[in-house]
Amino acid sequence: MSMKRFVLVGMLVQIISCCSNVFAQQTEVRYLSGTDNEHTVKWDFLCTKGRNSGKWTTIPVPSHWEQHGFGGYDYGRDYVTYGKNFRFHDEQGQYKHRFTIPQSWKGKEIFIVFEGSMTDTEVKINGKLAGPVHQGAFYQFKYNIADKLLWGKENLLEVTVSKMSADASVNNAERLADYWILGGIFRPVYLMALPTSYIARTSIDAKADGSFAAQVFLQKPLQASQLKASIFDSKGKLVSSFQQSVSGKDSVLVLRHQLAGIQTWNAETPNLYKLQLDWLHAGKKLHSITQKFGFRTIEIRKGEGIFINGTQVKMKGVNRHVWWPETGRTVNAKIDLMDVQLMKQMNMNAVRCSHYPPDQSFLDLCDSLGLYVLDELAGWQKAYSTKAGAPLVKEMVERDANHPSIIIWSNGNEGGHNKELDDDYGMYDFSKRPVIHAHHRPGNDFNGIDCNHYEDYYSSKKILEEEPHIYMPTEFLHSQDDGGGGAALYDFWELHWRSKKSAGGFLWALVDEGLVRTDMNNLIDVNGVNAPDGVLGPHREKEGSFFAIRDIFSPVKISWPDLLPAGFDGTVSLENRYHFSNLSSCVFKWQLLNYTKPYSGQKGASVLKKGNAASPDIAPLKTGNLSLNLPADWRNFDALELIVVDRHGEEVIRDIRRIKSNQTLFNAAMSRSGKDSVTIADNDTLITLKSGPVSIAINKATGLLEKVAYADRGPLSFANGPVVVGGEAKVQSVTATKQGANAVVTVTYTGTMQRAVWTMQPGGWVKLEYEYAPAGTQQFAGISFSYPENFMLGARWLGNGPYRVWKNRMLGGRFSVHENMNNNTMTGSYPWNFPEFKGYYANISWMEMNTVEGKFLMASEDDSLFVRLFNFYGLSGPKPHPVLPSGDISWLDAIPPVGTKLALGLNTNTRVLGPQSEPKVFDGKPIKHTLWFYFGLPSPEDQRQQFTMPSVNDLL
């Protein structure tokens with residue numbers, strides 16, 4: 001997302017009142033705290049228990065006190081981890097801050113506003129209670145303190161924040177949760193001065209047909225006054241204005257107006273307008289406010305779907321907690337922007353604000369950049385009481401009602417629904433948005449929508465085919481470690497996309513919630529398997545699923561073969577999965593590429609020719625063709641890349657297809673002719689083949705490669721192969737012959753493995769031809785070799801990458817030259833280095849292995865082989881999963897799918913996640929492959945690096 005568009009949002013400089021955006025000349029705001037985690041103000045502070053307790057010092061506000069060395073750490077599920085006798089930390093934070101009031105504020109209404117503090121908050125001004133103790137952590141609240149202030153003197157603000165609430169239901173709703181529990185004033189605090197007669201707030205209902213209505217709440221209405229409404233477009237042009245008389249009794253006024261030619265709001269074209277309300281009396285303005293809004297109509301058509309502006313919309317969504325590792329839920333507008341950008345980059349159109357309302361800057365960004373929002377009352381698995389919850393619903397809805405991005409209110413999560421509060425949302429939302437229950441039990445549909453969590457593929461299919469309700473899982477495909485997220489998503493999304501009653505769904509979750517622990521030398525703690533649930537790392541590091549989700553959710557679905565056929569004429573099949581946008585609004589670019597070569601020290605490719613294709617006229621939800629109009633010599637290049645850019649200038653998808661096969665690409669990269677002769681040495685146990693500096697030895701009893709050596713550096717530890725995986729093998733014979741200039745060792749087997757033929761060519765190139773016949777269901781199938789993992793420095797390869805794949809997460813990679821260092825990390829754990837080095841890699845043409853023993857090269861003549869690198873797992877748990885082939889380095893025809901953390905052991909029973917998550921089934925027919933090896937550095941003429949490439953572009 002461009003910074004220009006961010007600047008247009010202007011959320012940081014736009015001061016917001018508790019219920020509306022306000023006009024600076026009329027409402028004055030003075031911050032007592034800082035505005036975010038990068039701009040804080042120090043207040044006096046005392047923590048009553050735990051670390052650094054019992055003494056007055058200072059603390060930055062806003063913040064969580066744990067992150068500044070006070071109190072103790074709690075994770076919401078600690079009551080499960082440590083049992084029923086566990087007790088959360090119950091310290092209090094006592095704050096003091098002194099401030100003065102401008103003399104110009106005398107006679108005005110003055111409020112103190114808290115945007116969020118956890119949990120019970122008692123506020124005193126000059127020793128007097130400002131009002132009732134506020135209970136509930138995530139909600140904006142205020143007190144009128146005009147009668148408690150001192151003029152011309154310092155005023156004393158005293159705030160006591162109790163980490164645990166005195167209300168049991170508040171603790172149940174907010175603390176018994178799957179997230180970190182942090183105390184303190186974590187959002188800003190400010191003073192707000194208003195005239196004695198003022199506009200308290202407005203609640204807007206603007207429909208897609210141009211009808212405009214608004215409730216306007218007036219304090220101390222005056223007889224014979226008028227309310228003038230002016231509506232401006234996004235460029236500041238006045239669209240319409242009208243006014244209505246106000247009597248002395250009109251504390252709530254309803255404005256209605258009809259506009260023509262308006263531009264509607266949706267996530268693809270988030271058109272915003274601005275309402276300016278001027279309250280006039282006796283020729284003067286009493287008060288003015290401004291409020292952004294959008295024209296859009298939300299409908300729940302029972303048994304059909306969710307409709308925005310008359311069009312059925314499916315949510316491509318994710319769950320998001322407000323989070324930053326160093327500062328917890330105290331964030332800033334840049335972090336909010338980053339998260340919205342990342343969601344848009346994944347081609348998402350929706351976000352669920354789990355499990356509490358976010359900062360307003362986040363909602364401002366969703367309004368301006370376009371995301372459908374589910375705004376949620378807290379209640380993780382237990383609900384607020386009616387007494388505690390009713391004022392929190394009011395605070396949430398009054399603050400957020402005018403955000404056009406919010407299309408649904410969510411009344412709690414997974415059993416945390418107080419049904420007595422369902423009707424409360426409409427009391428404060430003039431547009432009467434739908435209310436849902438985000439639940440995890442079947443049969444809990446509400447308002448025609450079933451949101452049941454973590455159904456598998458087949459139970460989801462059954463719900464969509466047989467149940468009468470709209471199905472929209474507000475959590476699915478739990479993304480712990482490397483499972484879930486993008487894994488299995490293709491099948492789930494195709495199912496939802498093609499099902500009439502589906503409204504899409506929301507992945508769990510956006511980020512691994514790692515917390516910098518000030519009591520553990522600033523270690524980032526994810527509380528075991530509880531918090532690393534994200535598609536992104538704690539600082540938004542991109543995992544492999546990020547790129548898979550991006551491809552799967554792409555609104556431009558591209559259909560063309562991995563290897564372009566000889567008859568390809570530049571026609572590409574497209575499906576438009578936008579809900580509102582014609583593909584003529586996108587830009588389509590093509591590039592012809594040549595890849596960098598082995599041993600070049602470079603990755604990526606050179607862009608040698610490029611151009612734009614005419615954007616096709618394909619209506620939303622329709623199919624059609626794109627004509628690339630390629631140059632006549634296009635077949636002379638290695639690959640063709642297609643890039644699609646949307647109307648906002650943001651890249652939607654980037655797709656590469658090979659023009660040349662793996663065999664052709666490798667033959668073009670490396671010469672395998674040499675001048676050195678080949679020799680065979682046969683002793684009692686080994687057959688040794690040698691040419692130039694390279695020698696290999698095959699064990700006559702096992703048929704396995706036993707020794708590899710390169711003359712000027714000694715032995716190489718690559719050995720013990722080919723071992724068949726996914727079957728059995730018993731050596732039948734081992735023979736050695738000279739065949740022309742080559743030396744050949746042939747190993748025959750009984751069992752799954754049938755034949756392996758080693759050929760040493762002049763110059764030291766080694767060819768391995770093998771044949772095996774796997775049968776039945778196999779998690780993996782192919783051959784393996786051994787090599788010490790700790791000897792590996794890294795690898796460079798031509799194939800899909802740079803992220804590893806699973807059988808049910810093949811998308812997201814690009815066919816190019818990639819390079820990964822041996823980082824020995826695992827998804828979901830410190831230090832979140834991506835991409836991981838170890839894993840399965842797809843469609844490998846060649847792979848250059850960099851080791852402490854020197855380099856060696858492996859290559860395939862076939863177009864669809866996987867390479868497995870060392871030991872790794874997708875999911876942690878009692879037993880890591882999935883299981884792995886034998887050996888360390890494998891060439892495979894089949895790899896396993898990965899499961900998810902939740903629901904009926906899906907980490908092992910992946911079949912229920914859909915067709916791509918089923919292990920591969922072989923028919924027992926022989927499979928033949930050819931691999932090439934060079935165990936050292938080929939001669940300069942063999943490396944064919946005598947030319948220079950025009951430019952090198954990292955395609956990722």
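**Reading packing and burial**

Mentor: Let's begin with a pair of helices: H8 and H9 are roughly parallel to each other. Angles under 35 degrees count as roughly parallel, over 145 as roughly antiparallel, 65 to 115 as roughly perpendicular and the rest as oblique. This is a predicted model, in which local features need pLDDT of at least 70 and side-chain atom pairs pLDDT 80 or more, while totals for chains, interfaces and linings use all residues. Residues are numbered from 1 along each chain as its sequence is written, and side-chain values use heavy atoms, leaving out hydrogens and water.

Trainee: What are the angle and the axis distance for H8 and H9?

Mentor: Axes are lines fitted to C-alpha atoms, for helices over the stretch in contact, and angles run from 0 to 180 degrees between N-to-C directions. Helices (H or I, at least four residues) and strands (E, at least two) are DSSP runs numbered from the N terminus. Here, H8 (residues 457-466) and H9 (residues 489-498) pack at about 5°, with their axes 11 Å apart. Tyr457, Ser460, Lys461 and Leu464 of H8 meet Asp491, Phe492, Leu495 and His496 of H9, where contact means heavy atoms within 4.5 Å.

Trainee: How does the pair H4 and H5 pack?

Mentor: H4 (residues 333-345) and H5 (residues 360-370) pack at about 40°, with axes 9 Å apart. That angle makes H4 oblique to H5. The contact involves residues of H4 including Leu337, Val340 and Met343, and residues of H5 including Phe362, Leu365 and Leu369. By class, it has eight nonpolar, two polar and two charged residues; Ala, Val, Leu, Ile, Met, Phe, Trp, Tyr, Cys and Pro count as nonpolar, Asp, Glu, Lys and Arg as charged, and the others, Gly among them, as polar.

Trainee: Which residues have the most contacts inside the largest nonpolar core?

Mentor: A nonpolar core is a set of buried Ala, Val, Leu, Ile, Met, Phe, Trp, Tyr and Cys residues joined through side-chain atoms within 4.5 Å. The largest one has 83 residues, and Leu377, Leu489 and Leu507 have the most contacts inside it.

Trainee: Is Asp359 buried or exposed?

Mentor: Asp359 counts as buried, at 12% relative accessibility. It lies in the loop between strand E26 (350-353) and H5. Not counting residues up to four places away in sequence, Asp359 touches Arg187, Val322, Arg329, Val331, Asp336 and Arg399.

Trainee: And where is Asn800 found?

Mentor: Asn800 is in strand E54 (residues 792-801), and it counts as buried at 17% relative accessibility. Leaving aside neighbours within four places in sequence, Asn800 contacts Arg814, Phe815, His818, Tyr841, Ala842 and Asn843. For contrast, look at Thr57 in strand E3 (residues 57-61): at 31% relative accessibility, Thr57 counts as partly exposed.

Note on methods. Buried < 20%, exposed > 50% of the residue type's maximum accessible area, 1.4 Å probe, protein only.
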